[in-house]
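Subject: Structure handover

Hi,

Here is the structure I promised to pass on. Have a look at it first, and my notes follow below.

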Amino acid sequence: MGKVHGSLARAGKVKGATPKVEPQEKKKVAKGRAHKRILYNRRFVNVTTLPGGKRKMNQNSTDK
């Protein structure tokens, strides 16, 4: 058997210390054809281009 990194007595200490927050009510997510329509509109219809001229899929990424 392999070695365990750290003792198992500390397992789950962060999750156990985190306060429980009840999930909020959310609007239902569109499925199937309706979801594809939303994606199409988001990607191609109301396009917002960046100063470089391109539109990136994930604008929040931290590529360097």
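Let's start in helix α2, where Tyr 40 and Phe 44 both sit, 4 residues apart, or about one turn of the helix. Helices here are DSSP runs of H or I with at least four residues, strands are runs of E with at least two, and both are numbered from the N terminus.

Before going on, a word on the source: this is a predicted model, where local features need pLDDT of at least 70, side-chain atom pairs count only at pLDDT 80 or more, and totals for chains, interfaces and linings use all residues. Residues are numbered from 1 along each chain as its sequence is written, and side-chain values use heavy atoms, with hydrogens and water left out.

Back to the rings. A search of the whole structure turns up 1 aromatic pair. Tyr 40 and Phe 44 form that pair, which is tilted, at 5.6 Å centre to centre and 45° between the planes. (Rings of Phe, Tyr and Trp, the last by its six-membered ring, pair if their centres lie within 6.5 Å; planes under 30 degrees apart are stacked, over 60 edge-to-face, and the rest tilted.)

How accessible are the two? Tyr 40 counts as partly exposed because its relative accessibility is 49%, while Phe 44 counts as exposed at 56%. The cut-offs are under 20% relative accessible area for buried, over 50% for exposed, and partly exposed in between (1.4 Å probe, protein chains only).

Arg 55 comes from the segment after α2 (33-45).

As for the whole protein, it has 2 helices and 0 strands, and buried residues make up 2% of its 64 residues.

Cheers
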